[in-house]
Amino acid sequence: MITLKPLTTSPDAQLRNLGWDWMLGTDTLPYLTNEVVVVRPDEADAYYEAANELFDMLVEAGQHVIDNNRFAELGIPANLIELIKLSWDDDRNLHLYGRFDFAGGIDGRPIKLLEFNADTATCLPETAVVQYAHLRANGLDESSQFNSVFETLTEQFRELRRLNNDLEPYLLLSAMRGFPEDDSNVALIGEAAREAGFGVQYDFIDNVEFSADQGIFRQNPQNGQFERMDYWFKLVPWEYIGEEEPELARILTEAVRRRLVVVLNPAYTLLFQSKYILKILWELFPNHPLLLQTETTPLTGKAYVEKVLFGREGANVRIVDADGRERQAVEGEYGDYPRIYQEYAELPTDRSGHSYQAGVFFAGEACGLGFRRGGLILDNGAGFIGHVVE
């Protein structure tokens, strides 16, 4: 059973004191709970070690996919393969950050990898700042958390500058219109980049100008001039670019080849984002204690979860019991993608029956823990709940 600690004071005042007032909008905090999960120090250490080990395993799996030309199995659009290889072979294309989703890790349950949100992971503001401010607001030691997300992300940007000292440190951050949660995630990433010495600008992707032989530009609204940006962070999924914007995929391939821009996260993160990588991991590391059996056909004799290769936020997920009966299913817009079948891992629960899924951010190393709370299948209605290590 999950152990919860009540925190009665809202973090709003602390966020204002920290200068993070922009987090107080109606789309950022309404699902913050007034409790935190109690995590033991050894449990926090285990989450840290698991994420670090799994990232190394993912790198090995990614190299395997490239060496054996298994892109099609992962559902990767053919027009992105060249860009994936370009970015993979050039260490200057740093993977900025991602988030591991885990079952277990508390209440005596072993940590098991559910998936790695490598490309467009969200929950950054809640994990990096809101749960930290929540402890401060309630008079607790804010260091009593596994949480250095903002500092580690800032160091990633410093490393990017060191790796790419031939480029000017100007970063453009883009998301799609109409998703306020994405805007707040992008804003936090911009704060970390600014702390690392980048000049930072924001614009929606439909306002950005792309050129294969000149690079990426934004129009300065004050003087109307177009400004070239040497770095571009996009909170837009790579598979969407490959499938829906093939001309943009072509332009970005040429621009990266010519060293006109560094794109974050780089295209090779699609290797990790595809849930088929879970099957590759099981092939390469069978029965590894951090992994769940994953196949391309339904498992027999054990409960499993059916997932689509590029589903998000619990969409198109189905849980099937060992006897073949469907326990729960969620519809969604990703049903045309191929499916994988992953051994079912029970999530820890509280006295009210809520399920808890751990999220561990990785930015060069594991750097922060938070939990999502909801039902059997965690969808976009799930809440965020912080933690305290004690």
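Glu115 and Lys307 form a salt bridge, with their closest N and O atoms 3.2 Å apart. A salt bridge here is a side-chain nitrogen of Lys or Arg within 4 Å of a carboxyl oxygen of Asp or Glu. Helices (H or I, at least four residues) and strands (E, at least two) are DSSP runs, numbered from the N terminus. Glu115 counts as buried because its relative accessibility is 17%. Lys307 is buried too, with a relative accessible area of 8%. Buried means under 20% relative accessible area, exposed over 50%, and partly exposed in between (1.4 Å probe, protein chains only).

The model is predicted: local features need pLDDT of at least 70, side-chain atom pairs count only at pLDDT 80 or more, and totals for chains, interfaces and linings use all residues. Residues are numbered from 1 along each chain as its sequence is written, and side-chain values use heavy atoms, with hydrogens and water left out.

Now the domains. The assignment gives domain 1 (3-276 + 345-389) and domain 2 (293-343); such bounds come from an automatic or database domain assignment. The contact between them takes 24 residues from domain 1 and 19 residues from domain 2. Contact means heavy atoms within 4.5 Å. The domain centres, taken over C-alpha atoms, are 24 Å apart.

How much area do domain 1 and domain 2 bury between them? The figure is about 1,700 Å², with 53% of it on carbon and sulfur atoms. Buried area is the accessible area (1.4 Å probe) that two parts lose on being put together, summed over both. In domain 1, Lys275, Leu376 and Ile377 lose the most area to domain 2. Together they make up 39% of what that side buries.

Across this interface the rule finds one salt bridge. It also finds seven residue pairs in polar contact (both at pLDDT 80 or more). A polar contact is a pair of N or O atoms within 3.5 Å; within protein, one must be able to donate a hydrogen and the other to accept it, and residues adjacent in sequence count only if both atoms are side-chain atoms. On the domain 1 side, the elements that give two or more residues are strand E4 (112-117), H7 and helix H9 (269-273). E4 gives the largest share, three residues. The residues of this side divide into 10 nonpolar, five polar and nine charged. In this count Ala, Val, Leu, Ile, Met, Phe, Trp, Tyr, Cys and Pro are nonpolar, Asp, Glu, Lys and Arg are charged, and the others, Gly among them, are polar.

Next comes helix H10 (residues 277-284). Six of its eight residues are buried, so H10 is largely enclosed by the rest of the structure. The buried ones are Ile277, Leu278, Lys279, Ile280, Leu281 and Trp282. They pack against helix H2 (41-67), E4, H9, strand E12 (294-295) and strand E16 (339-343).

Asn287 has a positive phi of about 65° although it is not a glycine. Is Asn287 buried or exposed? Asn287 counts as exposed, because its relative accessibility is 63%.

Two other loops deserve a look. Arg259 lies in the loop between H8 and E11, and its phi is near 60°, a positive value in a residue other than glycine. Asn265 is in the loop between strand E11 (262-264) and H9. The peptide bond from Leu264 to Asn265 is cis, with omega near -15°.

Back to charge pairs. A search of the whole structure finds 31 salt bridges. One of them joins Glu254 and Arg257 at 2.9 Å, N to O. These two residues are three apart in helix H8, so they are separated by about one helical turn. Glu254 counts as buried at 18% relative accessibility, whereas Arg257 is partly exposed, with a relative accessible area of 39%. Elsewhere, salt bridges that share partners join Arg70, Glu73, Lys279 and Glu283 into one network.

Arg92 and Asp90 form a further salt bridge, the closest N and O atoms being 2.9 Å apart. Arg92 is partly exposed at 29% relative accessibility. Asp90 is buried, with a relative accessible area of 18%.
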